[in-house]
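Biologist: Hi! Could you walk me through this structure in plain words?

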Amino acid sequence: MTVRTRFAPSPTGPLHIGGVRTALFNYLYSRHLNGEFLLRIEDTDRERSTEAATEGILDSLDWLGLARDGQTVFQSTRMARHAAVAREMLAAGNAYYCFCTPEELNREREQARAEKRVWRYDGRWRDRDPSEAPLGIYPVIRVKTRRDGETVLEDLVQGTVRVANAELDDFIILRSDGTPTYNHSVVVDDHDMAITHVIRGDDHLTNTFRQAQIYAAMGWPLPRFGHLPLIHGPDGAKLSKRHGAQFALEFRDQGFLPEALCNYLLRLGWSHGDLEILDRAEAIRLFDIVDVNRAASRMDYAKLLHLNGVYIRQADDERLTQDVLQRLASRSEVTLGDAAAARIRMLMPALKERAKTLVELADAAVFLVRVLPLTLEPKAALALTSDAKLMLRDIVPVLAETDFSSSAIDHALRGFTERTGRKLGQVAQPLRAALTGSTVSPGIDLTLAALGRAEALARIAAASE
């Protein structure tokens with residue numbers, strides 16, 4: 001048997017971080033067992049589903065590196081198949097027409113609410129002949145659920161879960177306008193896609209017991225289910241924008257690497273000993289859905305930030321350079337081109353040591369591509385005293401004669417400090433202010449080397465005037 005998992009989001013908004021983890025766990029589990037990972041877009045809610053949301057889901061999965069097998073299935077294209085199965089159930093006596101009006105059922109729900117009791121459809125049309133139906137009523141089709149015994153689910157995450165069948169009413173599978181309901185469509189699609197394992201959030205657990213009735217009515221094998229606990233905010237409350245980023249592309253825009261985010265989400269509810277850093281290959285080798293915790297997880301943004309910094313330091317310099325260039329392209333005070341790229345590329349090993357996000361990395365690199373005159377931060381302006389400007393003029397001929405490798409620059413600066421009786425900091429800080437417009441940068445020798453002789457001397461001259 002080929003293991004086949006699926007991710008089935010609704011395109012009604014951006015892909016939530018909980019959905020990202022669900023997709024990741026489906027992907028890892030299928031790859032761990034040499035199976036297939038499929039994508040289905042559940043777009044039957046035509047009023048709320050949008051093309052932009054669909055594109056956002058696809059972009060998110062691509063950014064995360066969660067490659068799918070086969071073609072993406074769009075649920076809206078399969079509604080005729082869903083209706084046909086409902087009618088097949090009807091013909092087999094496993095479903096029936098219900099002629100209750102919405103008004104009739106709404107009155108009963110309101111009465112039950114007023115009496116503080118749970119309302120369930122009582123199955124009044126379960127055994128009645130459709131010939132008794134009132135005129136002008138378009139019926140729905142309801143499934144005949146079992147009324148005795150219980151349904152038992154051996155969940156891969158939650159363990160043994162059971163519900164009395166008396167708790168399940170005869171729910172609608174086909175509306176009066178001929179459109180299928182969610183629980184019915186999902187079962188038909190999962191069966192037709194040969195899904196062997198359904199891994200999704202535990203908010204779907206109630207739906208699973210309902211869906212099991214359709215599998216039984218059709219005589220279809222039940223897939224294995226694994227219901228993942230939800231992700232909460234750091235305070236244990238429902239994750240919301242007040243906690244931080246919630247959606248996949250938000251994390252991208254805020255400068256998180258996809259592999260860092262996936263590593264963090266993998267460890268959010270799953271563990272393997274004390275391992276904290278796992279690349280994709282190692283995650284696929286070790287991941288098993290039965291090792292997922294049952295308890296809800298809490299987002300720890302500080303831990304994610306730290307982990308992202310670790311991944312940035314390990315990342316390829318050229319990849320980081322290209323990302324920084326893209327992030328700087330929208331800024332008006334910079335000039336980009338081959339020279340700018342070369343500067344950033346040269347200084348990248350030093351720049352990435354302190355950055356925790358790609359946004360921070362771009363901010364740290366922006367001085368390399370700014371045009372003259374530089375805008376000085378307040379502390380940088382204070383460092384450029386009259387004496388400091390005189391010192392900058394004196395150092396220009398020293399630097400002009402240096403070959404501008406970082407080692408040669410370091411040697412020249414140390415020689416200058418010894419000859420003039422200054423400490424290295426008294427030379428380096430005014431230089432840093434003149435070169436970067438700030439008081440923070442990588443080593444001054446590395447900074448000068450990355451800027452190059454012509455640009456560095458131009459900046460020093462501009463600051464010393």
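This is a predicted model: local features need pLDDT of at least 70, side-chain atom pairs count only at pLDDT 80 or more; totals for chains, interfaces and linings use all residues.

Biologist: How many helices and strands does the chain have?

Modeller: There are 19 helices and twelve strands, taken as DSSP runs numbered from the N terminus (helices are H or I, at least four residues; strands are E, at least two). The chain is more spread out than a compact globule, because its radius of gyration is 31 Å, well over the 23 Å that the globule rule gives for 465 residues. That radius is taken over C-alpha atoms, and the rule is 2.2 Å times the number of residues to the power 0.38.

Biologist: And what does the C-alpha trace span along its principal axes?

Modeller: About 105 × 45 × 40 Å.

Biologist: Now the sheet: what is the order of the open sheet of three strands?

Modeller: The order is β4-β5-β8, with antiparallel pairing; two strands pair if DSSP finds at least two bridges between them. At the edges are β4 (95–98) and β8 (172–174), each pairing on one side only.

Biologist: Over how many bridges do β5 and β8 pair?

Modeller: Two, in the antiparallel sense, with β5 covering residues 140–143. Arg142 has Ile172 in β8 as its bridge partner.

Biologist: Switching to pockets, what is the volume of the largest pocket?

Modeller: About 870 Å³. On a 1 Å grid over the protein atoms alone, a pocket is an open set of points where a 1.4 Å probe fits, with protein on both sides within 12 Å along at least five of seven lines, and lining residues have an atom within 4 Å of a point. The volume is the space filled by probe spheres set on the points, which are joined across faces, edges and corners.

Biologist: Which element gives the most to that pocket's lining?

Modeller: α1, with five residues; α1 runs over 17–32. Of the 31 lining residues, His16, Gly18, Gly19, Asp203 and His204 are the closest to the centre of the largest pocket.

Biologist: How much space lies in the second largest pocket?

Modeller: About 520 Å³. Arg142 and Ile172 return here: they are among the residues closest to the centre of the second largest pocket, along with Arg109, Asp169 and Phe171.

Terms used. Residues are numbered from 1 along each chain as its sequence is written. Side-chain values use heavy atoms; hydrogens and water are left out.
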